Structure formats: structure tokens, C-alpha cells
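Please find below a short note on the model under review. It is arranged as numbered points.

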Amino acid sequence: MSKVYIFKTKNPKQVYQHLKTVSARINGETVLIKPNIVIAAKPHSAVVTDFRLVKAIIKYLKESGVKRIIIGESPGLNVDVELAFKVSGFERLAREENVQLLNLEKAETVEKSWKFGKIRIPRIITESYYINVPKLKTHMQTLVSLGLKNQKGLLRSEYKKGFHISWGLDEPIAELAKVVKPNLTIVDGIVGIEGDGPLLQGKKIKSNVCVFGEDIVAVDAICCRLMGIDPFSVPHINIASKIGIGDIEPELAGDDIDALKRTFKLPNMDYFRMFRLLNIRNKNACSMCTDSLREAMKMTLKSPRLFIKYMPKWIYLILFKGVQFTAGAKPKMKDGKGKVICLGNCSMKYAEEFGYCAASGCPPSPIEILKSL
Ligand code: SF4
């Protein structure tokens, strides 16, 4: 049976002590740490793994005699990787700790076979002891974003897109863990995200916990229980358990799970609504595509020129006419009147077929979205 450790944790530095307490065994001279740096977000946003927690892990690794430490990540589609590393604090951490920071979008890869044909994973992962360090978050497409989901960030963009537009999201997330499985998963649950996560539309929640173990499914399942979510109700965790990746009902150690449980608000997996505006959520669309709408609105508010040009259009659509944004290869719609705007190249055929407005791009730029209003 797999064992999962739960520790009440208010300060990222405590993670060093937790690893010491359980005498976590690190095998190998090279360690790859995979945090969650999905966008260029600040450490206190809770959207990205707290770099101070990774610093505590590095301290433990160095003391354990690890010779080479690499922090690797491939952030979300079209995210400026350098900026994401800088804003999240990881660029500075790597410099100060003298460890390598690797953009996995550009790293050398090796080919593996998997359920959906062939996939390429970073070569470094096959040569390292691999530690997965996700956040504790809800997710509007997959219900939660934990260890299994964080592995998608090991892959190049072409495969990330395939998860959404070709393979159905939940199953490839589970299947990926057959191709590549962490030796250790350490979940940064000191401050989590609830509601419409995993990005800035979610809300921060002080969850004060760190969860870790060698079995990625077991760790994810316990995190779900800490969030008040039945792990069997999370499709990708359920599938991973069924295909034998790990144990969904593991043995527990450390602090009492009941004392640390919080009830996380669940995401609205169907749509985001603001008066008569609907942004339809869809597993077949990359989150960066649906999320680009938020960027377009933010840009309108920030730029006086765009504000003058587009704010009257937003007001008209949001308060009077109604508008729904939809994305992905199989876009979803809600009944209702108003304008329909298709976001992203995947939905262009659909827009043409039904005569809807469209913002092209992969994902569409905020400017393209504003032009489509
Ligand atoms: S257009 Fe959007 S949904 Fe399609 S691959 Fe690009 S980002 Fe993903």
C-alpha cells in the first residue's frame, strides 16, 4: 500500500523539516524538480508553486548529496517563459542556489509509445530522480489541478494542444503517468486556489498543508479529500487508479487529515457569466484559449486608447445585446440570444459554417478578440 504524508504547513521553509522528519530517500545524483509555473504570476498569487517551498526542497537535496539540480517547466501556451520564470521568483532562486532552470519547451526529448501513438518527453527526466511539485488547486476543466495534471507541463505545446483537441483531456492526463511517473510528488498546499481555478479567476484559500508521497495517484487522492472532493469523482484520478498507476485509497502518515480538511469552492465547469456575457468552458479547448478573453477585458481597462474604442462595445454586449464566447475544435453553445464569438483557430470552421464572429490565433491575442466585438 502507498503511504502519503500530510503535514500542517504555514511556512514554505517547514517543508525542509518535513522531508527530514520522514528521512525522504533521494536516489540519484541528478534531480529534476517540476514546479507549476503555468503563467507569469507572482509567488503570492497562489497560481504558481511558491519558489520558497522549492528552495526548502533544494536545501534538503543538497544535504542529501545530490550533485545536480534542475528546475524544469514548460508553461502554458504562448506564455513568455522567461517572464514567467522571472515574475514567479524562479529565475532568482535558480541564480541564488546555483541550480539550472530549464525551459522544457526547448529541451531535448526522447520518443515514447503511449495509448495515443507516439509522444516525446524531455530526455532529462529519463536520466534524473524526478520530483513533481504542483499547487493545490481547483480547475475549471479537470475539477482539480494536482500532481497528475501538473505533468502536462513537462510537454511541448504541440502535445498540450493534443490533450484538448484530440484526446479528451482526462484520459491522456492519466495515460501520461504510464509514460512518465514522478519518484516523489510534493504538493504546495500552503495557499491553494478554489473556485474557477487554476489561474487568476480562482480565489486564494489558506489551506496550510503540504502533502507528499511516492505514489502520484495516492497523493492526488488525499489532496482531493483535503479539499472536500471525492477523488473518485475526478475523472483523471479515477482513470489513473483504474489503469494501475497508483492507489486511490492509500495509507496516511503525519498530521490528522480531518483537522486539516477545508471545503474548497468548486469551479463552474460550464461557463463564466457576467450579466449577459457568457464564456463557455470546454475540455476540448485549451485553457489559454478561453482565458484569453480575460486578458482582452483587462487590456481594455488598462489602455486609455482601447478603453475609448472598445468599452462602449463591451457595455452594449454585456448589458443589452448579450454575447457568448466559445472555443475549441468542438465548441459548445448555450441557448440564448446575442452575438456568438468563436475564439481560436480550432473553432474557425465552426464560425464559418454558422456565420459567427471569430477571433483567430492559437490562442487568439487579446487584440484579435477586441476586434471581433
Ligand atoms: S486554437 Fe485554442 S483550443 Fe485550439 S489548439 Fe490553439 S489554443 Fe488550443
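1. The model is predicted: local features require pLDDT of at least 70 and side-chain atom pairs count only at pLDDT 80 or more, whereas totals for chains, interfaces and linings use all residues. Residue numbers start from 1 along each chain as its sequence is written.

2. The protein chain contains 15 helices and 17 strands (DSSP runs of H or I, at least four residues, and of E, at least two, numbered from the N terminus). Its C-alpha trace spans about 60 × 40 × 40 Å along the principal axes.

3. The radius of gyration, taken over C-alpha atoms, is 21 Å, which agrees with the value near 21 Å for a compact globule of 373 residues (the rule being 2.2 Å times the number of residues to the power 0.38).

4. Of the 373 residues, 50% are buried (20 or more other C-beta atoms within 10 Å of the residue's own, with C-beta atoms placed from the backbone).

5. Strand E1 (residues 3–8) runs parallel to E12 (residues 251–254), joined by 4 bridges (pairing requires at least two DSSP bridges). Lys3 stands opposite Glu251 in E12. E1 is also joined to E11 (residues 203–213), antiparallel, by 5 bridges, and Val4 has Gly213 as its partner there.

6. Strand E8 (residues 135–139) is largely enclosed by the rest of the structure, because 5 of its 5 residues are buried. Lys135, Lys137 and His139 lie on one side, Leu136 and Thr138 on the other. In a regular strand, side chains alternate between the two faces of the sheet.

7. E8 pairs in the parallel sense with E10 (residues 184–194) over 2 bridges, Lys135 standing opposite Asp188. With E9 (residues 143–145) the pairing is antiparallel, over 3 bridges, and a hairpin of 3 residues joins E8 to E9.

Definitions and conventions. Buried ≥ 20, exposed ≤ 12 C-beta atoms within 10 Å, placed from the backbone.
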